[in-house]
Amino acid sequence: MKARTDWELESGATWRYEDPTHRYVARFATPWRRAAAAAIDWGLCYVAFLLVSIPLGIVQSVGTISREAGDLGGVPGHVLQVAAGLLTVAPVVAYFAFLLPTSQTFGMRATDLRAVSIKTGRGPSYVAAGIRAVLATVIAAAVYAVYLNSTDYATSRSLDSTSRFLLDASYVVAGVGCISALAMVVTPTRRSLLDRLFGTAVLDDLEAAAPRPGPWGPLDAFDTSHRRVRT
């Protein structure tokens, strides 16, 4: 029988996903459960961001002093500033890059959801998860920048041309993020634009296609982590 990599519409207008290897079927997670998982994930990421931003903020201050003092033309200080700024979001990227291939972040484990590639029925590859983590972090940073600007009007009036350009770009990126979330709400398969870009879906209520009964219920457990397929 040909392996399915698609989803089907069952009675009651409920869309369900069928694992291509016929191990399980599942429902597409509702936006509300995905939002609960995301709240946990981004809450943890924000705490990690705050923790690393303290020592890296000191390093960045040293770079600022060096640049303003003109040490070696100010180049080392500028490099130190940029590097410290980028490293503050490294824990956020690492969080999703390493956990998504297992098919469950900590937020997904708390809400019993799984993120899988629709072609394999398992978590996305580390490469795909890493790229997606970078994009998700960029969107989150843009939303954060828009929020800060919206709550502090005095800051936007004192920005230089480069900062103004970055703020305008943040509004565009944040808008794309909102459209991505809206696609998850209004489409029947509950897949965001990022899901569609990376060929993934977030699933709920996994059930064995051929359940193994036990004395106290089904004995089935599903390993949906990413595995390298050997040819």
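Predicted model: local features only at pLDDT ≥ 70, side-chain atom pairs only at ≥ 80, totals over all residues.
Residues are numbered from 1 along each chain as its sequence is written. Local features need pLDDT of at least 70 and side-chain atom pairs count only at pLDDT 80 or more, while totals for chains, interfaces and linings use all residues; side-chain values use heavy atoms, with hydrogens and water left out.

Let's begin with the whole chain. The protein chain has eight helices and seven strands, taken as DSSP runs numbered from the N terminus (helices: H or I, at least four residues; strands: E, at least two). Of its 231 residues, 35% count as buried, meaning under 20% relative accessible area, with exposed over 50% and partly exposed in between (1.4 Å probe, protein chains only). The chain exposes about 13700 Å² by the Shrake-Rupley method with a 1.4 Å probe, and carbon and sulfur atoms supply 67% of that area.

Strand E5 (residues 200–208) is mostly covered, with seven of its nine residues buried. E5 pairs with both strands in the table; pairing requires at least two DSSP bridges between two strands.

| Strand paired with E5 | Sense | Bridges | Example of facing residues |
|---|---|---|---|
| E3 (residues 24–28) | antiparallel | four bridges | Val25 and Glu207 |
| E4 (residues 114–117) | antiparallel | four bridges | Val116 and Ala201 |

Now for the cysteines. Cys45 is buried, at a relative accessible area of 4%, whereas Cys178 is exposed, at 54%. Counting a disulfide as a pair of cysteine sulfur atoms within 2.5 Å, the model has zero disulfides.
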